[in-house]
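Here is a friendly note to read alongside the structure. Please keep the view open and look up each residue as it comes up.

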Amino acid sequence: MLTVIEKVIFLQNVEVFSEVATEQLAYLAAIAEEMEYANGESIYNVNDVSDALYLVVDGRVRLHLDERDIASAGPKEAFGTWALFDDEPRVTSATAEDDSRLLRIDREDFVDLLADHIQITQAVLKSVVSRLRSLVDRVGIERSAPEAP
Amino acid sequence: MKKYLRSFIDIRKGEVGVTLLLLANIYLLLVTYYFLKPARDSLFLAKLGPGQLPIVFIVIALAIVPITTLYSRASRALRLNQLINATLVLVIVSLFVLRWLMNMSYFWVPYVFYAWVSVYGVLTTSQFWLMANAVYDATQAKRLFALLGLGAIFGAWTGGEVTNIVVTSFGVSTENLLYFCVALIAVSIAITNSVWVLQGRRVEEQSGARRKRSDPRESFIQMFSSIRRSRHLLLIVGIIAITMMVASLVDFQFKAVSTLSFQDAATGEVDKAGLTAFMGKFYGRLSLVSIFLQLIFAYRFLRVLGVGGVILFLPLGLLVGSAAMFLSVSLVAAVLLRGADGSLKYSIDKTGRELLFLPVPLDLKKRTKVFIDMFVDRWARGVAGGLLLLLLVLFKYDTDPSQAIRLMSLVVVGFLAIWMVLALLMRREYVDTFRQAVQKREIDLSEVRIRINESATIRTLVDSLKSPNEREVDYAVSMLTSVKNADLIEPLRSLLKHSSAEIRKKSLAVLMAQEDASLVDDAKRMLDDEDVEVRRQAMRFIFQTAGPDREQTVSGFLGHPDPRYRCAAVVTLAEFGSAEDQSRLTEEVIESLLNAPGDQAPLARQQIARALGFMDSKRFGKYFKGLLDDPSGPVVSEMIASIGRLGEREYVPWLMKALADRRYRPRVRRAVAAFGTSILGTLHDYLIDEKVELSVRRNIPRVIGLIPEQESVEILTRSISIVDPALKYHVVKALNRLRSGYPHLKFDEQRVDQALIEETRCYYEIAQLLDLQPSADTDGSQLLSRALSERQEQNLERIFRLLGLHYPPSDIYSAYLRIVSRKQVYRASAIEFLDNLVKGDVKKYLFPILDEASPERVVRKGRELFGIRFEHKDQALLYLMGGRDSWLKACAVYNALDCESPEVIEAVESARSDRDPVVRQTAEFVIGRIRS
């Protein structure tokens with residue numbers, strides 16, 4: 001079993017929580033559930049309801065569409081992040097590649113936590129906005145780049 | 001007739017005491033003013049003659065500048081009651097001085113006395129209305145201001161008549177009238193303080209909020225350009241400027257003719273006593289004419305002719321008076337002319353003028369009023385004074401005063417012509433501006449303190465009721481609250497089927513104000529409305545219009561088989577019923593609803609929870625606990641609000657515990673704050689009690705911040721140095737809210753400085769602890785470094801929040817944003833600004849932090865200033881493990897994994913019994929790892 005402090009050490013690597021203070025991450029740690037998956041076991045499938053974010057503690061997880069690999073997540077890496085924010089079904093399937101230990105944050109628990117801790121909400125919004133801003137900047141740069149002859 | 005009287009004397013439960021006091025106060029203030037006004041005129045005219053009036057008009061225009069500046073400074077520094085007391089005491093002292101100066105026969109005394117009385121009249125009445133505005137909310141103001149207005153007019157009449165009687169029948173000299181005033185003003189001071197005892201807290205909140213909203217630093221140019229952009233405002237300013245100028249010319253004509261009439265033809269001496277008595281009688285009776293016009297005609301004319309027609313009354317009245325004066329320079333013509341001015345200006349014209357401001361957005365309205373009071377009024381009076389001087393020379397006043405006065409009427413007629421053109425333009429402009437304001441919802445409904453009964457306004461609002469835009473409809477219905485007009489019935493009736501429950505409810509409320517019995521069937525239909533508040537409003541309507549059958553109607557609904565009807569009846573009777581009505585709400589009625597079966601049961605319990613908040617807690621308190629433990633959240637929420645309303649201390653422990661529950665927290669905060677200052681001691685005890693859950697304690701500063709009293713500031717300031725670091729931020733934040741919301745509250749500079757220095761000490765300490773962290777080689781040390789940096793950032797924020805208690809909060813906030821910004825240029829400007837702003841000892845602790853010197857320099861400064869000295873990492877870990885900050889303690893314990901020092905291991909051992917679960921868990925984990 002991971003302690004709260006250990007969970008915090010993992011959670012601070014999740015991009016969407018990058019602005020959340022470590023003390024507040026301890027509240028997130030309290031709702032982060034530890035899950036174990038055997039090699040080849042399915043974590044979720046494409047079109048499933050998006051209801052949780054996952055974070056790899058040990059092992060590796062493969063994100064795929066049927067047999068086509070899209071990405072993979074190793075230790076300290078998160079996947080399914082946007083499940084915390086929107087209702088769209090899963091766009092990929094996730095399957096454990098090795099015996100894996102994951103942290104799972106349920107969306108409903110997360111929303112309850114946000115309602116109780118305004119600082120977490122502010123920090124999450126800050127990182128979402130910062131990501132949005134960098135995307136906008138990138139699009140702007142790409143659009144203003146001279147076209148190839 | 002009864003209904004008509006009720007529109008003036010509609011005082012409700014809880015308003016009687018304060019309303020009678022305010023009524024007595026305005027009555028007395030006007031009595032004194034109408035003692036002084038005739039005395040001022042006759043003393044001046046008898047000694048200096050009317051030829052000097054233009055000079056005094058100019059003197060008044062100039063004197064107002066420093067007086068307004070001083071007054072505005074005093075109003076920012078003092079509470080409203082202190083301000084009024086100070087002004088009135090100053091008035092008493094100056095009355096004694098003036099009376100003494102009158103014996104000295106200095107030539108300038110009549111000038112000073114004339115100007116002094118003019119300022120006195122404006123200052124004391126405006127202070128009175130300021131207090132009345134703070135005591136009443138907008139709805140109360142609409143009901144009660146007419147009554148206070150009546151008190152003012154009767155005061156003016158009494159003052160004028162009594163002056164006449166005491167001077168003619170009792171032979172009191174004009175000068176000695178000042179002593180009567182001293183006595184009456186002393187009574188007024190006592191009344192002001194009694195109002196404060198009854199309503200002080202409310203007045204504080206209102207005037208605090210008012211002061212918070214107003215920004216007196218706007219420049220003349222900014223104000224002028226805002227006005228210039230609005231044609232509507234330009235026309236208002238034009239009309240007011242001409243009104244002031246004409247008033248000065250007419251006042252001169254009246255006083256000159258009066259002096260001539262009381263002058264001995266042979267000696268040229270003026271009969272001072274006779275003139276005083278005449279002036280007293282004239283001013284007093286003028287008030288009676290004014291009240292007559294106001295009561296009988298003002299609203300009728302407004303309804304029929306609209307604002308555009310009403311604002312033409314004054315210039316037309318003056319035109320008649322001027323024509324009479326031109327034809328015959330006599331006292332009768334002078335009385336007619338000045339009478340038209342005095343009576344119409346404060347009745348029909350005033351009603352119209354108030355409405356002209358209605359469509360102007362609140363912020364702009366305030367700025368315009370300041371502009372008009374500070375510049376237009378003075379400028380117009382000053383210009384009128386100059387013009388008069390010119391006219392006196394031009395028309396040879398010294399050689400033939402009567403002819404000069406006659407010719408002056410022609411000048412007045414010229415001004416009246418311009419005035420009427422502006423009024424006609426205004427008429428068209430008003431409707432357009434009002435329509436736009438309703439569409440844009442620019443009028444602040446909470447600030448509407450006049451009765452809307454003007455035909456064009458009503459027509460525009462009725463048009464808006466048909467709008468497809470729900471918000472516009474809602475806004476228009478809200479504006480019509482308490483308006484009585486038969487044209488509203490049909491449009492509002494159709495809104496009873498509107499899809500929005502809020503609009504249905506408000507429409508019913510406006511229909512209720514129409515007091516039309518034919519609407520009862522509509523109200524009965526609304527009893528089946530799906531919305532509970534609409535049903536309650538309908539029930540209120542039915543009870544109010546039931547007439548002689550009321551008792552039967554009430555019994556019928558209380559025994560109705562449908563629990564929805566019973567609920568609506570119970571809540572309505574509890575909330576708005578008389579003592580007799582409440583006596584019909586028996587335990588049997590309440591229990592039948594508490595035990596109502598079926599789907600309606602939770603809603604019925606919720607309604608009962610609301611009703612209990614207005615009922616006798618000794619008799620019905622037995623139901624409180626059950627409703628607080630109800631499985632339905634809305635029932636519990638309603639019961640919490642009721643407990644707050646009743647101030648039931650027995651339930652304070654329950655409420656405090658509920659502060660941790662997100663579902664009820666906002667309600668609980670308001671309910672606890674409703675206990676007022678009496679709960680502050682208990683709140684403080686909970687705040688500093690470490691056995692109380694942190695989630696409860698974290699909410700307490702905010703609750704204290706909802707009680708805007710000096711004691712709240714004291715308690716919070718005292719708590720800064722006592723509470724856990726985790727709570728400090730919340731305490732300082734609550735203080736900031738009080739500071740910016742209620743600028744009159746005082747903050748103990750010494751305590752705030754101490755807290756500031758303590759915060760800087762923490763900053764230096766963290767800087768040293770950070771300096772001892774190895775360059776983030778393990779997860780644990782990385783986490784501790786990050787946690788320490790975060791603490792330092794929070795520390796800096798608290799430092800600035802504390803600075804905001806001393807210095808203007810908005811300035812400090814913008815300096816903070818610049819300091820934390822990554823741009824060096826912003827930081828530099830903020831440091832420069834703070835260097836000029838911050839005073840005292842604090843600077844030497846603060847500036848090394850802000851200067852963004854190297855971490856080594858900050859560490860060195862910390863050693864210099866506070867003697868902080870951590871030599872190695874183990875010492876830092878031990879310090880953190882022994883501290884009160886649970887999160888830093890947990891991080892430090894985790895760092896002990898890489899540590900071999902026996903003292904550190906021992907500290908980890910003792911952390912296994914820490915009160916914080918995260919610290920305990922981490923300590924267990926570390927000890928387990930070390931042993932394995």
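1. **Ground rules.** This is a predicted model, in which local features need pLDDT of at least 70 and side-chain atom pairs count only at pLDDT 80 or more, while totals for chains, interfaces and linings use all residues. Residues are numbered from 1 along each chain as its sequence is written, and chains are lettered from A and ligands numbered from 1 in the order in which they are written.

2. **The plan of chain A.** Chain A has four helices and eight strands. Helices here are DSSP runs of H or I with at least four residues, strands are runs of E with at least two, and both are numbered from the N terminus.

3. Chain A has 149 residues, and 31% of them count as buried. A residue is buried if 20 or more other C-beta atoms lie within 10 Å of its own, exposed if 12 or fewer, and partly exposed in between, with C-beta atoms placed from the backbone. Two residues are in contact if their C-beta atoms, placed in that way, lie within 7 Å. Among the contacts in chain A with a separation of 6 or more, 74% join residues 24 or more positions apart.

4. **Strands that pair with β8(A).** Strands of a sheet pair through backbone hydrogen bonds, either parallel or antiparallel. Two strands are said to pair if DSSP finds at least two bridges between them. Strand β1 (residues 32–37) of chain A pairs with β8 (residues 100–106) in the antiparallel sense over six bridges, and M35(A) stands opposite L102(A) in β8(A). Strand β3 (residues 52–58) of chain A also pairs with β8(A) in the antiparallel sense, over six bridges; here L53(A) stands opposite I105(A).

5. **An open sheet.** Which strands form the open sheet in chain A? Four strands do, in the order β2-β7-β4-β5, and the pairing is antiparallel. Its edge strands are β2 (42–44) and β5 of chain A, each of which pairs on one side only. From one strand to the next, the twist averages 30°; such angles run from 0 to 180 degrees between N-to-C directions, and axes are lines fitted to C-alpha atoms, for helices over the stretch in contact. At one end of the order, β2(A) pairs with β7 (residues 93–96) over two bridges, with Y44(A) opposite A94(A).

6. **Two positive phi values.** D66(A) has a phi near 55°, a positive value in a residue other than glycine. You will find D66(A) in the loop between β4 (61–65) and β5 (68–73) of chain A. Is D66(A) buried or exposed? D66(A) is exposed, because 7 other C-beta atoms lie within 10 Å. K76(A) has a positive phi too, near 70°, and lies in the loop between β5 and β6 (78–79) of chain A. K76(A) has 15 C-beta neighbours inside 10 Å, so K76(A) counts as partly exposed.

7. **Where chain A touches chain B.** The contact takes 11 residues from chain A and 13 residues from chain B. On the side of chain A, the elements that give two or more residues are α1 (4–11), α2 (22–31) and α3 (107–116). The largest share, four residues, comes from α1(A). By class, the residues on this side are seven nonpolar, two polar and two charged. Ala, Val, Leu, Ile, Met, Phe, Trp, Tyr, Cys and Pro count as nonpolar, Asp, Glu, Lys and Arg as charged, and the others, Gly among them, as polar.

8. Helix α10 (residues 272–310) and helix α13 (residues 348–356) of chain B pack at an angle of about 45°, with their axes 8 Å apart. The two helices are therefore oblique to each other: angles under 35 degrees count as roughly parallel, over 145 as roughly antiparallel, 65 to 115 as roughly perpendicular and the rest as oblique. Their crossing is right-handed, meaning that the near helix is turned clockwise from the far one by less than a right angle, whereas anticlockwise gives left-handed. Residues that meet here include F297(B) and F301(B) in α10(B) and L355(B) in α13(B). The contact has 10 nonpolar, two polar and no charged residues.

9. **A left-handed pair in chain B.** The axes of α37 (residues 749–771) and α41 (residues 842–850) of chain B come within 10 Å and cross at roughly 35°. The crossing of α37(B) and α41(B) is left-handed.
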